[in-house]
Amino acid sequence: MELTLRVITPESVALDTTASSVRIPALDGQMGILPRHASMVAALEAGVLTWTEQGASRAMFVSGGFAEVRDNTVRVVSEAGERPEDIDTERAQRAAERARERLRKAHGGDHDVDVLRAELALRRAIMRERVASGLAPGLRAAMGAGRS
Amino acid sequence: MAGSIRELRRRFKSVGNIKQITRAMEMVATTKLRRFQDRAVASRPYAREIQGLVGRLAAVLGDDLADRPLFRDGEGTGTAVLVVTSDRGLCGAYNSNILRKLDAWRRARMEEDGPVHFFCIGRKGFQYLTKRGTEVHSFFDEPSLEHMDYRSAANVARALTAFFLEGGCREVRIFYTAFESMVKYVPEDRQLLPIRPDELLSGDEGQEAGGADVILEPDAGSIFDTVVPRYVETTVFNAMLESLTSEFASRRVSMKNATDAAGDMQKLLQSQYNRKRQETITKELLDIVGGAEALR
């Protein structure tokens with residue numbers, strides 16, 4: 001039995017495939033989903049979505065939003081869904097640098113900096129880099145789950 | 001009819017040039033119209049998911065809803081208004097329709113309704129307001145209207161939400177043009193904030209959430225608070241896409257009308273020209289025949 005996995009973004013349906021297991025970046029940490037999972041709605045944070053498709057592990061960057069599991073279908077609804085090959089690594093690096101700079105300023109006592117926003121931006125940038133470089137967290141674990 | 005043959009020929013040519021330009025503009029508008037229609041279609045699944053979830057969670061939360069900040073009247077006074085118009089003219093009555101709707105709404109306001117804070121997308125609306133001495137709080141001109149994507153729409157939505165939450169106004173409205181069909185675009189006035197719960201609970205979405213065995217991670221309230229801002233963003237994005245689609249549909253129609261009118265005018269000028277030419281030839285013939293007669 002397989003799961004249907006769909007990633008829905010404002011500009012398109014970024015992914016529509018089947019997977020034997022899915023791992024989502026839920027607010028409280030990574031969460032694994034196997035077929036016959038109970039109906040669930042989970043809020044997501046910016047992070048890496050991984051899934052096992054025909055024995056191979058794949059990853060995609062998602063920028064938060066939520067995931068809904070129902071009837072063996074996982075629908076990830078997020079502002080962005082980017083495959084490793086779509087990610088502009090240099091841009092992500094620059095974004096990370098900017099965010100770090102803002103955080104350093106905040107640390108130095110600059111109250112104009114929106115710390116939360118900078119932290120979120122940094123997180124997005126780091127996650128994008130990870131997806132692009134194939135170093136997604138839990139990739140191996142997801143593969144293991146797929147085999148069982 | 002006044003005008004020499006040469007004059008007529010010149011006018012015929014210049015009408016032809018204008019016809020070429022309007023036809024080119026019509027074709028450009030057609031292409032862009034198609035592109036925005038495609039994007040509007042592509043954005044629908046996302047909007048549907050967000051709206052569905054917000055509606056279902058709203059049903060779960062029930063009466064707690066009224067306590068959430070985006071569902072209460074803002075602390076400030078007056079109304080923030082987002083006006084969506086086009087950047088450029090030559091699109092028929094598109095801009096004047098939406099601005100007329102805006103003016104009618106403003107005239108109907110009472111003194112105690114408080115001030116109006118204007119936010120603009122599209123240069124025409126901005127110019128219309130500033131020319132009449134109305135202060136515009138924010139004009140979103142970066143990126144240009146045609147290059148607006150979800151992110152820029154989300155930025156606009158965030159700016160409005162922040163203004164609302166920081167006590168800038170009591171409510172936020174959005175004036176845009178709804179795209180009903182290729183020939184029908186309706187100016188709309190919609191309340192963006194505070195969100196009215198009744199608009200969320202449309203259809204049978206409410207019942208589905210009744211299946212109480214859905215796991216909510218971490219809990220209904222937290223998910224709701226992360227999704228509601230997305231809901232506001234999709235509303236703005238959708239209003240923008242509909243407006244842009246209407247704009248190009250309207251521009252296409254008005255350019256088509258202009259091309260047709262130029263064609264009609266050319267026909268008229270052509271027949272005038274032909275008649276004039278025939279007249280001259282007849283006159284010249286008479287002169288020659290008359291001269292020949294006189295020599296006999």
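**Notebook: helix packing, chain folds and the A–B contact**

I began with the helix pair H4(B) and H7(B), where H4(B) passes H7(B) in a right-handed crossing. I took helices (H or I, at least four residues) and strands (E, at least two) as DSSP runs, numbered from the N terminus. A crossing is left-handed if the near helix is turned anticlockwise from the far one by less than a right angle, and right-handed if clockwise.

I note that this is a predicted model, in which local features need pLDDT of at least 70 and side-chain atom pairs count only at pLDDT 80 or more, while totals for chains, interfaces and linings use all residues. Residues are numbered from 1 along each chain as its sequence is written, and chains are lettered from A and ligands numbered from 1 in the order in which they are written.

**Entry 1: H4(B) and H7(B)**

I looked up the geometry of helix H4 (residues 150-165) of chain B against H7(B): they pack at an angle of about 120°, with axes 8 Å apart. That makes H4(B) oblique to H7(B). Axes are lines fitted to C-alpha atoms, for helices over the stretch in contact, and angles run from 0 to 180 degrees between N-to-C directions. Angles under 35 degrees count as roughly parallel, over 145 as roughly antiparallel, 65 to 115 as roughly perpendicular and the rest as oblique.

I then listed the residues that meet, with contact taken as C-beta atoms, placed from the backbone, within 7 Å. From H4(B) they are Tyr150(B), Ala153(B), Ala154(B), Val156(B), Ala157(B) and Thr161(B). Their counterparts in H7(B) are Pro229(B), Val232(B), Glu233(B), Val236(B), Phe237(B) and Met240(B). By class, this contact has ten nonpolar residues, one polar and one charged. Here Ala, Val, Leu, Ile, Met, Phe, Trp, Tyr, Cys and Pro count as nonpolar, Asp, Glu, Lys and Arg as charged, and the others, Gly among them, as polar.

**Entry 2: H1(B) and H7(B)**

I found helix H1 (residues 5-61) of chain B packed with helix H7 (residues 220-295) of chain B at about 165°, their axes 5 Å apart. That makes H1(B) roughly antiparallel to H7(B). Their crossing is left-handed. The contact of H1(B) with H7(B) holds 35 nonpolar, 16 polar and 14 charged residues.

**Entry 3: the two chains**

I read seven helices and six strands in chain B, in the order α-β-α-β-α-β-α-β-β-α-α-β-α from the N terminus. The radius of gyration of chain B (over C-alpha atoms) is 29 Å, well over the 19 Å that the globule rule (2.2 Å times the number of residues to the power 0.38) gives for 296 residues, so chain B is more spread out than a compact globule. Its C-alpha atoms fill a box of roughly 115 × 45 × 30 Å along the principal axes.

For chain A I read three helices and eight strands, running β-β-β-β-β-β-β-β-α-α-α from the N terminus. Its radius of gyration is 16 Å, close to the 15 Å of the globule rule for 148 residues, so chain A is as compact as a globular protein of that length. The C-alpha box of chain A is roughly 55 × 30 × 25 Å along the principal axes.

Among contacts between residues at least 6 apart in sequence, I found that 81% in chain B join residues at least 24 apart; for chain A the figure is 56%.

**Entry 4: where the chains meet**

I counted 23 residues from chain B and 21 residues from chain A in the contact. On the chain B side, H1, strand E6 (215-217) and H7 each supply at least two residues. That side has 13 nonpolar, five polar and five charged residues.

Notes: Contact = placed C-beta atoms within 7 Å.
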